[in-house]
Amino acid sequence: MKRFLILCALISISVFSFSQNKYTISGRINDEAGEDLIGATIYIENLKTGSVTNVYGFYSITLPKGIYQVVYSYMGYELQTKEITLNKNLSLNVILTETTKTIEEVVVTAERKNENVVKTEMSTTKLLAREIKRIPALMGEVDIIKAIQLLPGIQATGEGFSGFNVRGGSPDQNLILFDEATVYNASHLMGFFSVFNNDAIKDVKLYKGDIPAQYGGRLSSLLDIRMKEGNQKKLQATGGLGTVSSRLTLEGPIIEDKWSVLVSGRRTYVDLMLLLSSEDAVKSNKLYFYDLNLKTNYKISDKDRIFVSGYLGRDVFKFGDMFGFDWGNNTLTTRWNHLFTEKLFSNFSFIYTRYDYKMESGTDASGFMWTSNLEDYKLKADFNYYPNPDNTIKFGLEAIHHHFNPGFARGTGDSTAAYNSLKMPESNALEYAVYLSNEHKLTKKLTVNYGLRGSLFLNMGEATVYNFDDSYQKIDSTTYSSWDIFNTFYGLEPRLSLNYSLNQKSSIKASYSRTKQYVHLASNSTAGSPLDVWLPSSPNIDPQVANQAAIGYFRNFFNNEYETSVEVYYKDMNNQIDFKDHAELMLNPELEGEFRVGDAWSYGAEFFIRKQQGKLTGWISYTLSKAERKIPEINSGKVYSSSFDRPHNIAIVGSYDLGKRWIISATWVYATGSPVTFPTGRYEQGNMIVPIYSDRNSYRMPDYHRMDLSITLKGKDKPNKRLKSELNVSIYNLYNRHNAWMIYFGQDEDDPTVTTAETVYVFPFIPSLTWNFYF
Amino acid sequence: MKNLIYISLLLTFLVSACTEKYDVELDRTYVRLVVQGSISDELKAHQVSLTHSADYFSNSPAPKVTDAVVSISDGENTFDLTEVSDGIYETDTISGEPGKTYTLTIYSDGETYTSSCQLNYCAPMDSINFGYYDDSDYYDSDTTMKDTTLYILLNALEPSTPGDFYLWNVYKNEILESDTLHELYFSDDVFINGNYMYDIMVQWVEDASIEDTITLEMQAITEEYYNYITQVMTETVWNMGPFDGPPANPTGNISNGAMGFFLAYSVETITAIVPDEVDWIELEWY
């Protein structure tokens with residue numbers, strides 16, 4: 001509470017120190033299609049100050065009466081300078097044009113601002129959809145999460161997987177927001193593809209530590225993905241035919257500049273091959289996934305705007321009538337932007353998200369069905385207040401109702417059912433948060449962003465909670481009736497970051513953040529599976545807590561053409577979840593008894609060089625890190641390496657524009673092998689050889705490296721041709737390295753007394769072809 | 001049910017996986033006593049085998065542990081075991097009784113190892129049938145030949161007490177077919193407790209011919225043993241790499257750091273002659 005009062009006092013001092021005769025310029029910055037540009041800069045030449053647009057493309061800046069040169073700019077867009085005579089409040093919407101259309105005129109981008117150096121936030125990286133598109137992709141499927149895995153401090157959970165670890169955190173510690181809706185399982189097809197269709201996405205931003213006070217609920221990172229709003233000017237189609245899937249996105253205005261709609265779909269068609277089979281049993285099998293994105297936004301007035309966006313995605317597996325398995329996410333986001341005054345922007349959201357799966361077998365009396373689902377209802381209000389150019393205040397609150405139905409399995413033969421039912425207890429929880437933060441320019445050189453988030457978590461009936469003794473044996477259970485609050489957790493989460501500009505080219509940044517996580521994924525495999533379930537904190541499971549500090553040096557070279565940074569971080573995590581040996585995590589009503597809790601920590605240094613303009617673009621990232629855990633009941637209480645500890649991690653991403661029509665891109669990645677547990681001894685049992693294992697994670701897989709290549713040929717650009725198309729060839733694993741995906745220890749087939757080790761590799765040289773179009 | 005999940009998970013894993021020999025140096029580890037022993041309600045000489053563990057790439061049969069002093073006690077009587085061959089210890093011809101708890105005691109190399117296990121009651125079986133899969137559903141072939149692998153289908157009433165665990169062995173012409181641990185079928189009663197099991201698949205025999213004598217043996221085992229063999233399977237033939245949790249040693253029931261298991265169980269058997277093909281039941285693919 002005391003901290004909160006100090007924060008309020010600080011903010012009031014900064015807000016109320018204004019003088020008379022000040023006016024506000026506010027509005028939105030859009031691209032030509034009417035899409036809001038997130039993080040675009042407004043720079044006042046005369047005063048050497050400025051502001052940036054928020055996630056809805058809105059900006060507001062309050063200045064004394066006068067005449068100003070205002071520069072509007074955004075990465076990859078031509079900058080615009082306007083002379084403004086400020087003698088009243090002004091509403092000014094600005095449209096910026098993409099520079100790719102005039103790529104020869106290098107001059108245009110020469111004056112780009114050194115945003116990365118001057119902004120306070122650190123440990124973040126922003127990727128543009130078109131930047132992601134250039135990265136060679138597995139089977140030609142452009143994938144945001146695969147692109148993110150190439151950034152410093154981030155690594156894939158395993159080869160080909162779309163799960164990722166951020167600075168030694170587990171994959172369930174990443175908050176993945178898709179238009180503000182939490183996505184609980186971001187993977188398709190056992191994790192090899194992510195659920196995000198790049199064609200429907202506008203902007204992706206990853207926060208590795210310095211998570212704004214506005215967000216919480218996960219320890220390690222925030223992946224903020226924003227869907228496109230839809231073209232406000234004209235009907236537009238974007239699509240592609242690929243090796244494994246096809247995509248189509250349609251967008252356009254219903255009322256020009258007022259109401260637009262976007263519909264985007266993607267479906268894989270591996271199973272269509274099965275139709276070629278002459279056997280009916282084979283034909284009736286299904287194996288595909290699809291994604292459907294919908295978004296509409298309506299500008300009621302300059303002050304009010306409504307957005308509705310939804311996502312529907314599902315993986316479907318079906319083996320005749322006999323076995324079916326499907327899973328997927330649904331999200332719905334409804335938002336209302338309202339401008340109270342030129343200085344006070346607000347957004348109110350209602351968000352629904354659901355993850356569920358269903359497995360079915362048989363149709364008659366021996367039929368069996370297993371279902372699981374998780375639902376969130378979220379209400380949220382966010383306010384941005386722009387009192388003066390030196391302060392940007394954000395505050396708001398949110399409330400989430402979680403409903404967990406982790407597993408229910410039963411026979412489907414009604415009264416004749418051969419199988420009994422098994423149900424894991426359902427539960428409910430309420431998660432509340434309030435936050436207040438201010439980005440405060442203290443001096444010309446020093447900017448501080450300070451904020452505080454208060455979170456409250458309540459377990460609520462209807463629920464059954466098992467009580468366990470000290471050795472995790474179930475004693476009895478307690479049942480709570482509907483709406484009965486039976487357990488409470490709360491916490492304060494301070495967030496602080498500062499930027500000290502050494503000069504126009506370089507700065508030093510530092511940050512500290514505390515994060516709390518109240519829901520946990522019960523998964524002990526590195527790959528994860530669609531069957532994994534989320535559980536709330538409860539009388540048996542405490543919330544996870546992390547404290548992270550980071551310091552970094554940022555410097556740009558050659559007129560801001562090259563951005564470089566070095567960051568070091570230390571992250572301390574408590575109440576970290578692991579599971580007892582041979583834990584039973586599926587359909588186990590007493591699942592909470594399988595949890596084992598302890599501490600984890602990670603530290604490292606991240607080096608990053610990035611070039612975003614010119615013919616050659618890309619980045620090089622190198623991460624040197626360590627991630628360890630200590631959990632009393634695991635590995636005899638000894639410290640062990642986290643499964644995602646990869647000390648050296650390198651990614652090189654390059655893309656080159658060869659003339660007007662050709663683009664060549666390549667990536668190379670290297671990572672130390674992940675820690676694994678190998679057998680050191682063996683014994684015989686039932687005529688089989690059973691391994692005796694080393695300490696947890698005391699060996700390493702062979703080092704991993706791989707190069708991918710992609711070549712894009714754009715169709716000839718003729719002035720009267722509306723259809724534009726391009727052909728892309730992607731090659732995954734160019735030099736066909738047999739990277740070990742797992743190491744299998746077992747008995748030799750010919751001589752069972754001999755034990756052998758084999759590496760299993762799954763992704764050899766894989767070429768793919770994609771045709772993309774746009775009109 | 002669990003196998004079904006595993007199969008479906010693996011089927012979804014469509015990309016072609018290839019293997020390559022992997023040369024790795026592994027640390028050495030200390031030697032542990034390994035016990036494999038049981039007592040049942042059958043009237044016979046019950047066996048306990050003692051071996052030593054070895055380094056993983058030792059690549060020779062497990063060393064036998066000789067000259068140990070082994071006994072089994074039911075709380076009232078103690079049965080001493082005699083070493084009949086190297087590392088194999090046997091009781092006299094006796095039978096265990098359901099409801100009793102049996103304790104195994106081993107003195108070897110100056111150390112004492114103990115283990116105890118309750119002998120559970122086994123419900124009777126009613127009958128067995130034979131089933132087969134028609135492969136032509138899935139393969140383009142003109143052959144109408146039925147697969148010669150026959151599946152044993154059990155009919156029995158599962159008792160209404162929850163927490164029963166079963167293991168099935170199969171004999172063809174009095175020879176044990178399921179002589180390796182991964183050929184055993186085992187199950188809990190979570191989904192079938194108190195139900196009548198109609199033609200539930202519990203074992204299989206390869207290359208079976210008409211007129212062969214098939215004996216199905218059902219054992220009522222303990223929860224600890226069910227977990228133990230599940231864990232052994234998870235660490236060996238069921239290994240799914242990154243889709244599995246971290247590897248760990250199976251939890252046996254022998255004290256003092258020894259590996260292995262001492263099981264007490266009761267047995268029911270049923271014998272049938274393989275009938276003509278017309279009487280085989282075609283099984284559905286799931």
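# Notebook: a predicted two-chain model

**Entry 1**

I began with A:Glu180, which sits in the loop between strand E12 (174-178) and E13 of chain A. The model is predicted, and I read each value below as a computed one. At A:Glu180 I found a positive phi of about 75°, although the residue is not a glycine. Is A:Glu180 buried or exposed? I counted 24 other C-beta atoms within 10 Å of A:Glu180; the cut-off for a buried residue is 20 or more, so A:Glu180 is classed as buried.

A:Asn575 is placed in strand E37 (residues 562-579) of chain A. For A:Asn575 I noted 19 other C-beta atoms within 10 Å.

**Entry 1. A cis peptide bond**

Which two residues of chain A does the cis peptide bond join? I located the bond between A:Gly461 and A:Glu462, with omega at about 10°. A:Glu462 belongs to the loop between strand E29 (446-460) and strand E30 (463-468) of chain A.

**Entry 2. Domains of chain A**

I looked up the domain assignment of chain A, which gives domain 1 (2-74 + 76-111), domain 2 (124-225) and domain 3 (226-774). The C-alpha centres of domain 2 of chain A and domain 3 of chain A are 6 Å apart. In the contact between them, domain 2 of chain A takes part with 56 residues and domain 3 of chain A with 104 residues. On the domain 2 side, I listed strand E13 (181-182), strand E16 (201-207) and strand E17 (221-227) of chain A as the elements that give two or more residues. E16(A) gives the most, with three residues. By class, this side of domain 2 of chain A has 23 nonpolar, 20 polar and 13 charged residues.

**Entry 3. Domains of chain B**

**Entry 4. Strand E11 of chain B**

I examined strand E11 (residues 150-157) of chain B and found this strand mostly covered, with six of its eight residues buried. Strand E10 (residues 127-133) of chain B pairs with E11(B) in the antiparallel sense over five bridges. Within that pairing, B:Phe130 has B:Ile152 of E11(B) as its bridge partner. E11(B) is also joined to strand E15 (residues 196-205) of chain B, by seven bridges and in antiparallel fashion. Here B:Leu153 stands opposite B:Met201 of E15(B). As background, I noted that side chains in a regular strand alternate between the two faces of the sheet.

**Entry 5. Contact between chains A and B**

I next looked at the contact between the chains, which takes 65 residues from chain A and 65 residues from chain B. Among the elements of chain A that each supply at least two residues to this side are helix H5 (280-283), strand E22 (304-319), strand E23 (323-339) and strand E44 (679-685). I noted the classes on the chain A side as 35 nonpolar, 24 polar and six charged.

**Entry 6. A sheet that spans both chains**

Which strand of chain B pairs with E44(A)? I identified strand E4 (residues 54-55) of chain B, which pairs with E44(A) in the antiparallel sense over two bridges. In this pairing the partner of A:Arg682 is B:Ala54. E44(A) is also joined to E45(A), with six bridges and an antiparallel course; there A:Glu684 stands opposite A:Ile689. Together I read these strands as an open sheet of three, in the order E45(A)-E44(A)-E4(B), with antiparallel pairing. The edge strands are E45 of chain A and E4 of chain B, and each pairs on one side only.

Conventions. Residues are numbered from 1 along each chain as its sequence is written. Chains are lettered from A and ligands numbered from 1 in the order in which they are written. This is a predicted model: local features need pLDDT of at least 70, side-chain atom pairs count only at pLDDT 80 or more; totals for chains, interfaces and linings use all residues. Two residues are in contact if their C-beta atoms, placed from the backbone, lie within 7 Å. Helices (H or I, at least four residues) and strands (E, at least two) are DSSP runs, numbered from the N terminus. Ala, Val, Leu, Ile, Met, Phe, Trp, Tyr, Cys and Pro count as nonpolar, Asp, Glu, Lys and Arg as charged, and the others, Gly among them, as polar. Two strands pair if DSSP finds at least two bridges between them. Domain bounds come from an automatic or database domain assignment. A residue is buried if 20 or more other C-beta atoms lie within 10 Å of its own, exposed if 12 or fewer, and partly exposed in between; C-beta atoms are placed from the backbone.
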